[in-house]
Amino acid sequence: LRVVFTPIHRRDKGITGTIAMLHDVTEQEQLEDARREFVANVSHELRTPLTTMKSYLEALDDGAIEDPALAHRFVGVMRNETERMIRLVNDLLHLSRLDSRNALISKVPTNIPDMLEEVADRFSFQLHQKAISIEIDAGADIQSVMLDRDQIDQVLDNLVSNAIKYTPEGGAIALRATLTEKAWLEIAVQDNGIGIPRKDLTRIFDRFYRVDKARSRNMGGTGLGLSIAREIVKAHGGTIALDSELNQGTRVTFALPVQQMEGEPA
Ligand code: ADP
């Protein structure tokens, strides 16, 4: 709290009292700290690939360009770094759109079992590469639900891509959808991968927070996937939670309030 004292002047009586105003600055300061930290993080995340590219460009300029095999490898590295920067900037733009109040959610009737099958299809190549199995289980009572299909696809993509990134070869992923008694659609993405240490759980949805920065970077991560997922779920009026046990696996569950389609049982 910040206290500001203002004397009360009366025309001929001089100072007759004092007004004390209490300002709650903590919230404001916290916001300011968070903003500073965010800008520092963004700058750092962009500087790393830029410095890498600079040194490869210098090496090319210093003669590596004459060696086609070497030059080809260097260009490959620079392409990867560029792609990571593009992903980062796209994620940042997406977050800033979600932050601005006018984040528009345009809901369309969506068949949930189909939606889950399609996520698995999008990742079939990566799943195959790591020999990870995927099981889909959507209760028979779940058919069409109103939701912003593009945005929820983004949530599912972020969660499934994490499940694949942080699960060793031969692992297993499960996607489960259930309707709760209170008419919420609950979707869980579960893996049996490396898990998350307990001490990191409270910060895991924070922007740029990663358990292992180097590992996340190597996997092409931006550290924004879970924050984006949380913002999208929030924009739907829903909730998201993560449970994890180190070396056992992780489960992320999000729940959305459901408006049933007309003509279907509630
Ligand atoms: P990233 O791009 O680093 O994956 P996210 O915001 O998606 O960023 O996730 C933040 C961090 O949470 C990751 O760096 C990783 O440490 C941890 N994490 C997320 N999902 C999982 C998972 N399924 N298993 C283990 N760790 C996970």
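Accessibility classes are used throughout: buried means under 20% relative accessible area, exposed over 50%, and partly exposed in between (1.4 Å probe, protein chains only). The model is predicted, and local features need pLDDT of at least 70, side-chain atom pairs count only at pLDDT 80 or more, while totals for chains, interfaces and linings use all residues. Residues are numbered from 1 along each chain as its sequence is written, and side-chain values use heavy atoms, with hydrogens and water left out.

1. L22 counts as exposed because its relative accessibility is 59%. The residue lies in strand β2 (residues 14-23); strands (E, at least two residues) and helices (H or I, at least four) are DSSP runs, numbered from the N terminus. Together with L1, V3 and F5, L22 forms a nonpolar surface patch of about 460 Å² accessible area. Such patches comprise residues with over 30% relative accessible area and no salt bridge, nonpolar side chains (Val, Leu, Ile, Met, Phe, Trp, Tyr) being joined within 5 Å and like charges within 9 Å. The areas come from the Shrake-Rupley method with a 1.4 Å probe, and for residues only the protein chains shown count as cover.

2. Helix α7. Eight of the eleven residues of α7 (residues 225-235) are buried, so the helix is largely enclosed by the rest of the structure. The buried residues are G225, L226, S227, I228, A229, E231, I232 and V233. Their cover includes the helices α2 (68-99) and α5 (149-165) and also β8 (239-245) and β9 (249-257). Just after α7, G237 adopts a positive phi of about 80°.

3. Salt bridges. The whole structure contains 21 salt bridges, each defined as a side-chain nitrogen of Lys or Arg within 4 Å of a carboxyl oxygen of Asp or Glu. One of them pairs D99 with R207 at 3.0 Å, N to O. This pair links distant parts of the chain, 108 residues apart: D99 is in helix α2, and R207 is in the loop between β7 (184-191) and α6 (213-218). D99 is partly exposed at 42% relative accessible area, as is R207 at 25%.

4. E118 and R149 meet in a salt bridge of 2.9 Å, N to O. E118 is partly exposed, at 36%.

5. The side chains of D243 and R251 form a salt bridge at 3.1 Å, N to O. D243 is partly exposed at 38%, and R251 is partly exposed at 33%.

Methods: Contact = heavy atoms within 4.5 Å.
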